[in-house]
Amino acid sequence: MNTRGLRSQLKDSVPVAGMCPQGAYGVQDSLRSGFTSVKNELLPSHPLELSEKNFQLNQDKMNFSTLRNIQGLHAPLKLQMEYRAARQIQRLPFLQSSHLALDTLRGSDEAIGFEDILNDPAHSEMMGEPHMMVEYKLGLL
């Protein structure tokens, strides 16, 4: 699986802090972009942290290679196309999307995990100006 789909997914979920890093005078515009967090710029604290962050991507790669060996090239390509289509279905940029269709395709809609009970910190609510976030997503800002 190539990472172009992952890059577009990350582009769609740009946090408010990454939208306007520099203001007119070369300093961060805290009114529009919020405060910076030093925690986001630190290296991982444990060697398994990167592995856990990339678990789903690695799992998908393994499933696609197994599917390709068993059924041929068309099966993983069709599944990747369905994943990409399901990933594009979202709510407005300031509302978090549940990606129910993607969970159903992966078969993880019936599993109860940590993120279902305590919520994944990566999917926490974003505070920001809704109009500015929509304009940024549409390329008007």
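The model is predicted, so to speak of its local features a pLDDT of at least 70 is needed, side-chain atom pairs count only at pLDDT 80 or more, and totals for chains, interfaces and linings use all residues. Residues are numbered from 1 along each chain as its sequence is written, and side-chain values use heavy atoms, with hydrogens and water left out.

Let's start with the overall picture. The protein has eight helices and zero strands; these are DSSP runs numbered from the N terminus, with H or I and at least four residues for helices, E and at least two for strands. Of its 141 residues, 13% count as buried (under 20% relative accessible area, with exposed over 50% and partly exposed in between, 1.4 Å probe, protein chains only).

Now to the rings. The structure holds one aromatic pair, meaning ring centres of Phe, Tyr or Trp (its six-membered ring) within 6.5 Å, with planes under 30 degrees apart stacked, over 60 edge-to-face and the rest tilted. F64 and Y83 form this tilted pair. F64 lies in helix α4 (residues 55-71) and Y83 in helix α5 (residues 74-88), so the pair ties together parts 19 residues apart in sequence. Both F64 and Y83 are buried.

R106 also meets Y83, its charged end sitting over the ring (CZ of Arg or NZ of Lys within 6 Å of the ring centre and within 35 degrees of the ring normal).

| Partner of Y83 | Arrangement | Distance |
|---|---|---|
| F64 | tilted aromatic pair, 45° between the planes | 5.7 Å centre to centre |
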